Amino acid sequence: MEQRGRESRRGRQRWFVFLVALLLLCSVASAQIRYSVPEEAKEGTVVGNIAKDLGLDKNTLKERRYRIVSGSTDPLFHVNQNDGILYVNRKIDREEVCERSSACLISLKTVLETPLEIHYVEVEVLDINDHSPTFPETEKMLEISESALPGARFQVPAARDPDGDQFSVQQYRLSNNEHFRLEVKDKGEDGKIPTLVLQKALDREAMGSHSLVLTALDGGKPPKSGKMNIRVDVLDVNDNTPIFTKDVYSVLLNENVPVGTTVIQVNATDLDDGPNGEVVYSFGNSVGLNNRLFKLFEINQSTGEIIVKELIDYEQKDRYAIEIQASDKGLAPLTTEKSVIIKIVDMNDNPPEIEVTSFSDAISENARHGTTVALISVSDLDSGLNGKVICSIREDVPFALSQSLKDNMYSLITKSPLDREEQSQYDVTIIAKDAGKPSLSSEKTVTVIVSDVNDNVPEFSMNPYTFYITENNAPGASLFSVRAADRDEHDNARISYSIVRDGTDNYKLASLLNINSENGNIMALKGFDFETFKTFQFQVVATDSGTPSLSSNVTVNVFILDQNDNAPVILYPVSANGTAEGVEEIHRNVNPGHLVTKVRAYDADIGYNGWLLYSLQEVTDHILFGLDRYTGQIRTLRSFTETDEAEHKLVILVKDNGNVSLSATATVIVKVMEPKEAFAASDVKSAVNEDEENSVVFYLIITLGSVSVLFIISIIVLVIMQCSKSTDYPSKYLKETNYDGTLCHSIQYRSGDRRYMLVGPRMSIGSTIVPGSNGNTLVVSDRRRASGEVRYTL
């Protein structure tokens, strides 16, 4: 307004200066002419004829050089010197030339020279409606509180129109609306000022902003107009509480979801604006600080998301009701509450639990089918199928599970016979598996001990037993032992041993034995003599300590082994007084190799212990007599000479072949007789000896053949019986009591013109000693020799 006042005063001052100048020039000028021309006239438009109006002829104008005095390089008008007509020099904009003036007069000073004559010409620029009203801004923003009362006034900028008078802004128009009306106040030189008047209270929640159009019209015909958009923003007042978008919030939440999982997002809206419409969320006042909800859940104040803080366990609680409060940020916050129901969904997160409620430490091996061993209960903290449990047994054991009438209760029972001796302990693994997906399972092992029943008889490690003992054993010393085992245990397996005492012939020998009832060691009460008996048999009974007791017996076969306990006995020569000494007479003219005599000996032992060897221990002439070490024959080695002694003494040593050799000696006195005296006696004696030896050989051959046949038959029978007998049937081999169980061993050799065979340790059962031999040598005829003598030594 002040600016407009200053502009008005400047205009008046210019007009005052202009009038003073006109008065000063009145003394010089003789006339003043006034023309009018519309603005926006084209260049060259005729304004007026100055020469005509001043009464000047054309020659005067030309001679006196009539012109317009102007300081502008681009004047608005120019005058033609030839005819004095005033033309528009350029396009005239009245609003530019006469800004904010009601009348636009342009004063032109014209002159005629020689003499100087000044004429003033006024040209009035007539206004045309060439401008539309314009507002200072095309869009105006107004902020009005929704608490403003009807009648409140809000001034808006006025429009301006450069045109003057009737072509300026004449009226305003407001677009149709129910909240505002328009008032226009005329401010004179400042023009007409529009004002908005509130005629109906505003509600930001109903309409947050209003768009109005203010139109300014000038006085032209038709009028020109200008428009301004007015945007009215309604300022909020905190007059609305937050409202939740749902009446009921309910959600299903799986248990054990990860910490940080969003359960649900609540949403509340507030129709207010700014802080009054910003909603924050929190737990309601009904949720105490010590409530478990604070440990399990948290709420995002900005978004309303309810987030899991700790693992949720369905088994602790399956449903939570949380009061959520929504508040705005107004100076006096308004709040509202809503309940959120969280239902926990059970997950199969708990394996079944197995509990043995009753259990027998041991069960008898003769327990009947269906006997209860243990009572088992299973449980699962989950619900539904997740808590449905099925039990089974993993191993192939003689036990089964029987489900009782009550759910999740089972009985562990026997399903097949038990045998402690096959298995004394069972580790029964019980598997409990729920029906969830994925399924969870657990295991529990129940150890069932099978108690013993005396159902097994003692069993000997061998049946029958065969023992070999040497003769001359020390009385009271342990000879051998029998062992029986019982598959039972404790008293049922504690075994005592005894020897069967019956009335048979074996009883007599069994009476010479004693057995340790605890360990089965058998000892002899006296020593055995192989030469008396060679084998015997008895039975041992093993009895357990069970109730009732069980027993079994075994046959024991004992074979006596020979020892070298008998020294050789000289059978020939034997003198009248019993000494082993004899006298032999031979003719001095006998040939070399002549049989002087034969030393015969006997050894009660058998085998190598009874195998006799002969050697010359003492002889008067070593080159005259020779001794066969196997047969004991003494023969001449050369013929006698005249210088040889008439009597010779030979000491023969006879020893057996035992480890500790035993021996005997025999003395033979050989008397050499002169031929005349000795021929007849020598021939007779030689014939007798030949006959005796032939008889012996004949009987020995028969005996040897019989013994060999019996021996071969016995071996065959023994082999057949050993191959065909069963383990539980006592063997009855070796019917011959004198058989010592040793097999034959033979050595063949030659001595001079004879062939010998040594058989050891003995030839056969029941063999006899032929008188005149050493008991181990058999002599048979040699078919290749005329004399026909072959000796087999046993």
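Two strands count as paired if DSSP finds at least two bridges between them. Helices (H or I, at least four residues) and strands (E, at least two) are DSSP runs, numbered from the N terminus. The structure is a predicted model, in which local features need pLDDT of at least 70 and side-chain atom pairs count only at pLDDT 80 or more, whereas totals for chains, interfaces and linings use all residues. Residues are numbered from 1 along each chain as its sequence is written, and side-chain values use heavy atoms, with hydrogens and water left out.

**View 1. The open sheet S1-S7-S6-S3.** The sheet consists of 4 strands in the order S1-S7-S6-S3, with mixed pairing. Strand S1 (32-38) and strand S3 (67-69) are the edge strands; each has a single partner strand, so one side of each is left without a neighbour in the sheet. From one strand to the next the twist averages 35° (axes are lines fitted to C-alpha atoms, for helices over the stretch in contact, and angles run from 0 to 180 degrees between N-to-C directions). S3 pairs with strand S6 (residues 105-112) in the antiparallel sense, over 3 bridges. Thr 110 is the bridge partner of Ile 68 in S6.

View 2. A nonpolar core is a set of buried Ala, Val, Leu, Ile, Met, Phe, Trp, Tyr and Cys residues joined through side-chain atoms within 4.5 Å. Buried means under 20% relative accessible area, exposed over 50%, and partly exposed in between (1.4 Å probe, protein chains only). The largest such core has 29 residues, and Val 482, Phe 538, Val 540 and Val 556 have the most contacts inside it. Among the elements that give two or more residues to this core are strand S33 (465-470), helix H6 (505-510), strand S39 (535-544) and strand S40 (551-561). Leaving aside neighbours within four places in sequence, Phe 538 is in contact with Phe 480, Ile 499, Ala 510, Leu 513, Ile 522, Val 554, Thr 555, Val 556 and Val 558 (contact means heavy atoms within 4.5 Å). A second, separate core of 28 residues includes Leu 253, Val 266, Leu 296 and Tyr 314.

**View 3. The surroundings of His 210.** His 210 belongs to strand S13 (residues 209-218). This residue is buried, with a relative accessible area of 7%. Not counting residues up to four places away in sequence, His 210 touches His 179, Leu 202, Ile 230, Arg 231, Val 232 and Val 234.

View 4. Glu 137 and Lys 140 meet through their side chains at 3.8 Å, N to O. Glu 137 is partly exposed at 31% relative accessibility, and Lys 140 is partly exposed at 22%. Glu 183 and Arg 153 form a salt bridge at 2.3 Å, N to O. This pair links distant parts of the chain, with Glu 183 in strand S11 (residues 180-186) and Arg 153 in strand S9 (residues 153-155), 30 residues apart. Glu 183 is partly exposed, with a relative accessible area of 24%.

**View 5. The salt-bridge network around Arg 420 and Glu 489****.** The side chains of Glu 489 and Arg 420 form a salt bridge at 3.6 Å, N to O. Glu 489 lies in the loop between strand S35 (484-485) and S36, and Arg 420 in the loop between strand S29 (409-414) and strand S30 (425-434), so the pair ties together parts that are 69 residues apart in sequence. Glu 489 is partly exposed at 26% relative accessibility, whereas Arg 420 is buried at 9%. The network of salt bridges links Arg 420, Glu 421, Asp 452 and Glu 489.

Definitions and conventions. A salt bridge is a side-chain nitrogen of Lys or Arg within 4 Å of a carboxyl oxygen of Asp or Glu.
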